[in-house]
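Here is a short report for a first look. Please view the sequence and the structure below before reading on.

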Amino acid sequence: GGGVIGTSALSHLARVGVRARLLERASLCGAASGANAAFIWPQGMKRTLYLEMSLASYAMFPDLSNALGVDLEYQRTGGLIAVDSEAHLRLLRQYMATQAEIGLPAEFLDGDEARRREPTLGQSVLAALYLPLGGRINPFRLTMGFAQAAQQLGASVEIATPVRGFALEGH
């Protein structure tokens, strides 16, 4: 598929010399990759393979614009999880404890400090958790950057090409 994951895989395969071809049924960045909020959120509740992969990807973002030759509009902004009830406040404190247990940074903010940092928060916010690893990136530029880098290395990208099945030969 021609989203961020598919074009990233294509680019990485091409970079190590694999002759690869991407087939996309519609257009590049036309589904989930083009309809997301552009957040980078390398957080988790447990040290899982998914979290490790997320952190490894996150580590690449500061240099990725140079590597792809495209301004990806990357910003390390951090992120907030805000709560407005006592029940959610208890869950927020539990989440913060898990971040410390797995070695990820998190800062607890009372409602006043949360509103100071993010003035659009309402008076009902009791507290927030600031997670400094969060960020933003332009998913269209990222997807197209990966696709172009792959094509420059000899990979092919075919749009409007739905996959109808697979045939294995020689196995």
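## Basis

This is a predicted model, in which local features need pLDDT of at least 70, side-chain atom pairs count only at pLDDT 80 or more, and totals for chains, interfaces and linings use all residues. Residues are numbered from 1 along each chain as its sequence is written, and side-chain values use heavy atoms, with hydrogens and water left out.

## Helix 2

Helix 2 covers residues 49-68. Helices here are DSSP runs (H or I, at least four residues) and strands are runs of E (at least two), numbered from the N terminus. Helix 2 has a kink of about 60 degrees, centred on Pro-62. The bend at a residue is the angle between axes fitted to the seven residues ending there and the seven starting there. After helix 2 comes Gly-69, with a positive phi near 70 degrees.

Leu-51, Ser-54, Leu-55, Tyr-58, Phe-61, Leu-64 and Leu-68 of helix 2 are buried (under 20% relative accessible area, with a 1.4 Å probe and protein chains only). The buried residues of helix 2 pack against helix 1, strand 2 and helix 5.

## Ser-11

Ser-11 sits in helix 1, residues 4-15. Its relative accessible area is 0%, so Ser-11 is buried. Leaving out residues up to four places away in sequence, Ser-11 touches Phe-146, Ala-149, Ala-150 and Leu-153. Contact means heavy atoms within 4.5 Å.

## The largest pocket

The largest pocket holds about 780 Å³ of space. A pocket is an open set of points on a 1 Å grid over the protein atoms alone, where a 1.4 Å probe fits, with protein on both sides within 12 Å along at least five of seven lines; lining residues have an atom within 4 Å of a point. Grid points are joined across faces, edges and corners, and a volume is the space filled by probe spheres set on the points.

Its lining has 24 residues, and Val-4, Ile-5, Ser-57, Phe-61 and Leu-142 lie nearest the centre. Helix 2 gives the largest share, eight residues. By class, the lining has 18 nonpolar, six polar and no charged residues. Ala, Val, Leu, Ile, Met, Phe, Trp, Tyr, Cys and Pro count as nonpolar, Asp, Glu, Lys and Arg as charged, and the others, Gly among them, as polar.

## The second largest pocket

The second largest pocket holds about 240 Å³. Strand 2, strand 3 and strand 6 each supply at least two of its lining residues. That lining has five nonpolar, five polar and three charged residues.

Terms used: Buried < 20%, exposed > 50% of the residue type's maximum accessible area, 1.4 Å probe, protein only.
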